[in-house]
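Hi,

Here is the model I said I would pass on.

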Amino acid sequence: MLKKYVILVAILITTLAAASYAHAVADPSGGATGTIVDVPAAVAGEPTATEVANLVGHNKVAINMMWVLLCGFLVMFMQAGFAMVESGLTRAKNAAHTMSMNMMVYALGMIGFFISGFALMFGGVGTLGTLGGFGGLANEFTIELFGHSFGLFGTKGFFLMGVYDVGVFALFLFQMVFMDTTATIPTGSMAERWKFSSFAIYGVVVGALIYPIFGNWVWGYGWLSQLGAMFGLGHGVVDFAGSSVVHMTGGVLAFVGAAMIGPRIGKYNKNGTPNAIPGHNIPMAIIGAFILAFGWFGFNPGSTLAGGDLRISVIAVNTMIASATGAFASMMYMWLVKTKKPDPSMMINGMLAGLVAITAPCAFVNVQSAALIGLIAGVLVIEAAFFIEKKLRVDDPVGAVAVHGVNGAWGMIALGLFADGAYGDGWNGVAGTVKGLFYGDASQFFAQLIGVGVNIIYVGSIGWVVFKLIGKITGGMRVNAKDELYGLDIPEMGVEGYAGIKLDKNAETPLSR
Amino acid sequence: MKKVEAIIRTTKFEEVKTELKKIGIDFFSYWDASGVGNELTRGHHSYRGTVYDTEYISRIFISIVLRDVNVEKTIKCIEKAAYTGEIGDGMIFIYNIEESVRISNGAHGDESTKGPGDSL
């Protein structure tokens, strides 16, 4: 009996399959696949002009959405890169703790962004240009000053309610992974001493509140983006893929956090000179840097939010060139000028510095400028790291502040200098293309300076308040000295990063000449 | 019975082991050892702009229990094989052994330190 049914079903499937593919002829070369018969039409094979136009429009949005999602997936993978760089450049006794922060910031930040972050950042962004033209994200909270409206934050889309639209969801995914890049930067500068409970609260707050507000001002139709339209300052603050919105925000938070939490035990001698605390896994850190550089191909080219915007090839090449010159500059600067060795951890910092610096200007500059921007970033990152460590005496184990904070600012300024007027017509509602100081628009340069200044003031102050409050809730942000010396893995996480492996405690001890 | 202990360069261990085998000493313990001493480490370390020395010197520590007849030639052999003439070649120490027992057959004294195929 059963056998009968099986045969019956098999025949049915075969018949159906044969029927649905009856018109298809095998096409090994691909030249005959995708023709007029594939255009949906009331009369098969004879589509009307409207039917063709509908398909063209649909395909345009489809290409854009595919691009945005794929690039978003690439950016998501950067979380793995951050985890490996940060854990590789810190000590083995804290590996489970550092890795866990990098893992959970993805989930915690996403929850925060889902609850309120997306609404605050994009609730008033207006019509989605490249992702289908949905106009529901139209509620921006504004205040009136000097006869102009200053957009402060959006108010539509909490928990993604009321914005059940495919375009919005693509935008949400892409912007969500950007936010998580910001969120994971301070886990590097505060590594090896940050209480996990304190970190966990931060993880939600950064995604729900800190990041989205500044993001709104630059990307969500907020007041910084409108400085051009309102006051004639170039195109307002322009940040193509997030040198300020993403990296500077993370870098300033990283600085405030690291300064407030204090240096690791043993980092500084009594006379204030720093000791080296070598990272435990340079190979892992280098693989992490490659993953980040790979993810950046989503970060920058994806920020067109349009696969049909063919500037993406220029953006991608600018991005890779700046990463190369950044890595090269930092290698040579360490090798010839500083310690006379091509320091691997500084080569990593240099490549990332080049990438951070080109993130804002990548779409607006030519490739020769991109090379120069990366070159300067590679030297700047080392000088900044030394200044922060030796002069300010803020302990940043992985160089997060020098890479993301300082070079984020440099990227913004570089856009104001080098934007060559080839791209960005009508950007932020201002007619004409985006030009920097060297190409005749000094006002764009000033707009960029304002963007940098506002970022430092806003993120610095809200970061200070948030870290203070979290410290009150969790009884201090820092673990106790005993746990820190022993390693955070067991006291904080309950399991060692490298269980069953005897760690060389000599290599764990800070040493100096 | 004597115990011969030697602290030697890690780079000389293979040579010492091979030479000892040639004179019939192919049964001993060794372990990695760290120490501090006069020798400066080869090349300074540098990490993120800070130059430093580790001060820790790594060596191999060899421990051999021998019948008296084998002691002299063993010492000579290690001395020769571990030699570079630089500071840091290491040290050899000789101790008296009260008694020894081979767990597998209960043999005591000189009998217990015989290896397989050892003709005394």
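This is a predicted model: local features need pLDDT of at least 70, side-chain atom pairs count only at pLDDT 80 or more; totals for chains, interfaces and linings use all residues.

Let me start with A:Arg478, which is partly exposed, having 18 other C-beta atoms within 10 Å. Residues are numbered from 1 along each chain as its sequence is written, and chains are lettered from A and ligands numbered from 1 in the order in which they are written.

Back to A:Arg478. You'll find it in the loop between helix H14 (442-474) and helix H15 (481-486) of chain A; helices are DSSP runs of H or I with at least four residues, strands are E runs of at least two, and both are numbered from the N terminus. Leaving out residues up to four places away in sequence, A:Arg478 touches A:Arg193, A:Lys195, A:Ile261 and A:Gly262 (contact is C-beta atoms, placed from the backbone, within 7 Å). Its C-alpha atom is also 9.3 Å from that of A:Met190, although 288 residues separate the two along the chain.

A:Gly262 comes up again, as the residue that follows H8(A), with a positive phi near 85°. Helix H8 of chain A covers residues 243-261, and its 19 residues should span 27 Å at 1.5 Å a residue, which agrees with the 25 Å between its end C-alpha atoms (the expected span is 1.5 Å times one less than the number of residues). Of those 19 residues, 18 are buried, so H8(A) is largely enclosed by the rest of the structure.

Now the packing. The largest nonpolar core has 148 residues, and those touching the most other members are A:Val85, A:Leu292, A:Leu352, A:Ala357, A:Ile373, A:Val381 and A:Trp410. Helix H6 (residues 196-219) of chain A gives this core its largest share, 13 residues. A core here means buried Ala, Val, Leu, Ile, Met, Phe, Trp, Tyr and Cys residues joined through C-beta atoms within 7 Å.

As for chain A overall, there are 17 helices and two strands. Of its 513 residues, 54% count as buried. Among its contacts between residues at least 6 apart in sequence, 77% join residues at least 24 apart.

Cheers

Note on methods:
A residue is buried if 20 or more other C-beta atoms lie within 10 Å of its own, exposed if 12 or fewer, and partly exposed in between; C-beta atoms are placed from the backbone. Two residues are in contact if their C-beta atoms, placed from the backbone, lie within 7 Å.
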